[in-house]
Amino acid sequence: MHRLKRYAHFMVRFTVLASGSKGNCTVVTGGNTRILVDAGLSCRELFRRMRMVDEDPATLDAIIITHEHSDHVAGLAVTARKLGIPVYFTEGTHRAWVRWLSPRKQMTYTQWLEQCRKQAAARMAEADAAMNDECDPEEVEISAESAPVETAEPVPAKAMEKDPTWLPSIQFFQAGKPLQIGDISVSPFTIPHDAADPVGFVFQAEGVRLAVATDLGYIPPNVKAQLKSVDLLLLESNHDLEMLRDGPYPWSVKQRVLSRVGHLSNEATATYLETEYDGQATYVILGHLSESNNLPELARISAERALNGHATLLGNRLLLAAQHEPMSTICF
Ligand SMILES: [Zn+2]
Ligand SMILES: [Zn+2]
C-alpha cells in the first residue's frame, strides 16, 4: 500500500538529501518524473533520507551525475542496480568513473564501451519486442527507461560480481546540449573543477527552473548565463577564506581548494550574489559547505550581506543545505 505522501500534490519539488564533501545527493521532481542528482551517499543512507522526507526511492526514474568525485558517486552503482534505473553521465565522467572503479581492468575503455552498447542493444530489442506496435517511439523509450522496480529486468548477479561498473542502463549527454528525461528538461553546463568533464544543471518542469551549481573554482560567464532567471538556485559556498588558510588542510590541498578548478569560497559566492546575480530566485540555497573550513553562520551572514541590495529578494528565502540531514522539500 502506498502511504499518502505529504508533498505529492506539488508538481515540482526539490529536496537536498545531503550536500558537502562527505556526500551530495538531491531529488528533483517534475510532473511524473523523479531524478536523483548525484549519488554520493551509500544506497542505504540515501533510501533512509528519502523516506525521512516522505519520498519513495522506488519512484525514482533516473540518476544524473555531475562528476566522478566520490562525494558524488559513492553509492551510485548499488543504488542504480537496486532500482534498475538508467544513469546519465557525460562520456568523460563515465570514463573517469570506470577507471576509478577498475584501475587494473584488462579491457580498454573502447572495448568496454562496445560491450555495453551490445548489451544495451540486446535490452532494447527485447523491450521493443514486448511493445505494442502502435506505441509512439518516444513513449517506448520513456517507459522502457522508467520501468518500475518490480517490472525491471532481474539484475544478473554474475555480471555485478565481475564488473563493479555494471549498471542497468547508461545514457550519455553533453554539456551545452539540453536533454529530456521524462517530464523534466535538463540543461547541463560545463563548470570549472578538477574532474574529467564536470557539469552543473538547470532543470525545468512546469515552467519552473531549478539550478544546481556546486564544485566550481570560480563562476565563468557560461555559468552566470545559466543561473539567470531561475526560481531556485543551489550554489556552492564551500569555505571561509580565513578558516581555510588557518585550517588543518595541508598546503597542497589548500592550494587545490583555492584554485580556479577547486571550490567557491563564501567571499566569491557573496561577490557573485552582490554584483551579478539577478535576484530572481525564490530560494537561494547555499551548499557544499566545508565542515573543516566553514561555519554555516559565516556562509549565511556573508550571503545575506551580499543579497541586501537586492530589492527583488525581499520575501525570498536564503537556505543552507546540510551534510548530515536532508533539507525540507521545497515545492513549487
Ligand atoms: Zn563535491
Ligand atoms: Zn568535486
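Select D163 first, in the loop between α7 (157-162) and β6 (170-172); helices (H or I, at least four residues) and strands (E, at least two) are DSSP runs, numbered from the N terminus. This is a predicted model, in which local features need pLDDT of at least 70 and side-chain atom pairs count only at pLDDT 80 or more, while totals for chains, interfaces and linings use all residues. Residues are numbered from 1 along each chain as its sequence is written, chains are lettered from A and ligands numbered from 1 in the order in which they are written, and side-chain values use heavy atoms, with hydrogens and water left out.

D163 has a relative accessible area of 9% and is therefore buried (buried means under 20%, exposed over 50%, partly exposed in between, with a 1.4 Å probe and protein chains only).

Next, display the zinc ion (ligand 2). Its protein donors are H67 (NE2), H69 (ND1), H193 (NE2) and D215 (OD), at 2.2 to 2.6 Å. Donors are N, O and S atoms within 2.8 Å of the metal (3.2 Å for Na, K and Ca); water is not among the atoms, so sites may look incomplete. Along the chain, the donors follow the spacing H-x1-H-x123-H-x21-D. The angles among the four donor atoms run from 91 to 172 degrees, and the site is irregular. Four donors count as tetrahedral if all angles lie between 85 and 135 degrees; four count as square planar and six as octahedral if opposite donors are over 155 degrees apart and all others between 65 and 115; anything else is irregular. Now show the zinc ion (ligand 1), which lies 3.5 Å from the zinc ion (ligand 2), with D215 coordinating both.

Move to strands β7 (residues 179-181) and β8 (residues 184-190), which pair in the antiparallel sense over three bridges; two strands pair if DSSP finds at least two bridges between them. Two residues separate the strands of this hairpin, and G182 takes a positive phi near 55 degrees. Select V186 in β8, the bridge partner of L179. V186 also has a bridge partner in β9, namely F203. Strands β8 and β9 (residues 199-205) run antiparallel and are joined by six bridges.

Finally, turn to the salt bridges, of which the whole structure has eight; each is a side-chain nitrogen of Lys or Arg within 4 Å of a carboxyl oxygen of Asp or Glu. One of them joins E291 and K22 (2.4 Å, N to O). This pair spans 269 residues, from the loop between β12 (283-287) and α12 (296-307) to the loop between β1 (12-18) and β2 (25-30). E291 is partly exposed at 38%, and K22 is exposed at 54%.

Then select E276 and K224, whose closest N and O atoms are 3.0 Å apart in a salt bridge. In helix α12, E297 and R300 are three residues apart and therefore separated by about one helical turn; their salt bridge has closest N and O atoms 3.5 Å apart. End at R13, R34 and E55, which a network of salt bridges links.
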